Amino acid sequence: MYCKFCGTQLEDGTAVCTNCGETLEKPKKQRKLPKVKISKKAVLIATASVAAVAIIVGAVFGLMYLFRPNDINYKDSYTVSDDKIAPDAVVATMGDAQLTNGQLQIYYWTAVLEFLQQNSSYLSYYGLDYTKPLDQQVYSEEKNLTWQQYFLEEALNSWQYYQALYMEAEKNQYDPPEAYDEYIGKLKEALQESATKYKFASVDALLSADFGAGTTYESYELHEKIYYLGSLYFSDLSGKIEVTDAQIEEYFEKNKEAFAAEKITKESGDLVDVRHILIAPEGGTKSEDGKTTTYSEAEWEACRQKAQDILDQWLAGEKTEESFAKLAQEKSTDPGSKDKGGLYTYVAKGKMVKPFDDWCFAEERKTGDYGLVKTDYGYHIMYFVFGEPGWVRYSRSDLISERATAQLMDIADQYERVVDYKAIALPVSDLNK
């Protein structure tokens, strides 16, 4: 969703814009709940795993919710005291790959934390109380599953898919981008900084506190290698899937009713992808109530000149989308897009502030166009990625995801997963600890 006042891209269900502070229309069927309190686990996931989490194609996450025949009900509860956890015990195998209990704890907590972070405003509708142990709450009476069993199966599925992708990548001698080696190379240093910051004696002590007794750096590094390389490889495979205009048309017609339910029709208008670098004016005079700031002509001109200098810097270089994205990460003051290279995707007409919107949807607009746009928030250095009818965009995306999902399932099915549920032992699931 986008803020209707300033155009900042926000997470679905956001009630107050994180950029301009305006109150947004409350989404239907949403109840305001206390913010989920998650201890250092969230810090660790957000800092150490952010690169891998951002890359994986959405189809993979959808697959995590599939339930295959299993013996997840072998134990009513997998929770044990720390002294009874054997981190080196092998709990699952897939070909020559082994999953230890220590590694499983990382996949387990990742599944739990990602779910809580993505659904923090909707937990009551799922029937989940994060203040209570997960092994004492029913996820599904029909499937006879507790929330602990649900997240455990999520963790096992996650390992299976990423491990299969990792093995395929190695088998096919996949050469990952430099960012992969750079991330893994700096991982221990980053974790050491976190350990020092939070006053842990070592990286292993930090990881054990976050994921469970006996979790070591070696286990975490292996998790990150599998998770990140598998994500990159799958993203590369998905990027090679091509669909024709005729196939897109056929897919839309086949799913016309479902699209209509989402208000997607051939008359819905275009969607555009655009990058921008926001340069906010400096100085200004605040109103008596402190809610608004007024800038002088000189301050606005200084802002414009700064934006023009950055645009000139880009024009003097390679003048590519990639170089523009890099500049956006370095220079932009827009918190909603800065880390994504200034990128906004699936932008519909009327969703951004008017000057921004008018530039994006100008009749003559085409890929590679650039320019300066002034809004109440500053000067935007614009780069137009591309635009097309919304029904085409959604149909292509869904069709590619469908094929990518099938491709992933084919890869995973090449390797048989064998789980020893008896050997699984999980730490106490106290999220408020």
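**Exercise 1.** Determine which residue Asp236 pairs with in a salt bridge, and classify the accessibility of Asp236.

*Solution.* Start from the criterion, in which a salt bridge is a side-chain nitrogen of Lys or Arg within 4 Å of a carboxyl oxygen of Asp or Glu. Next, apply the accessibility classes, where buried means under 20% relative accessible area, exposed over 50%, and partly exposed in between (1.4 Å probe, protein chains only). Asp236 has 28% relative accessibility and therefore counts as partly exposed, and Lys240, at 58%, counts as exposed.

The model is predicted, so that local features need pLDDT of at least 70 and side-chain atom pairs count only at pLDDT 80 or more, while totals for chains, interfaces and linings use all residues. Residues are numbered from 1 along each chain as its sequence is written, and side-chain values use heavy atoms, with hydrogens and water left out.

**Exercise 2.** Describe the salt bridge between Glu253 and Lys256, and state which residues are joined with them into one network.

*Solution.* The N to O distance between the side chains of Glu253 and Lys256 is 3.7 Å. Glu253 is partly exposed at a relative accessible area of 36%, and Lys256 is likewise partly exposed, at 43%. Through salt bridges with shared partners, Glu249, Glu253, Lys256 and Lys266 form one network.

**Exercise 3.** Decide whether Asp369, which forms a salt bridge with Lys366, is buried or exposed.

*Solution.* The closest N and O atoms of Asp369 and Lys366 lie 3.2 Å apart. With a relative accessible area of 13%, Asp369 is buried. In total, the structure holds 17 salt bridges.
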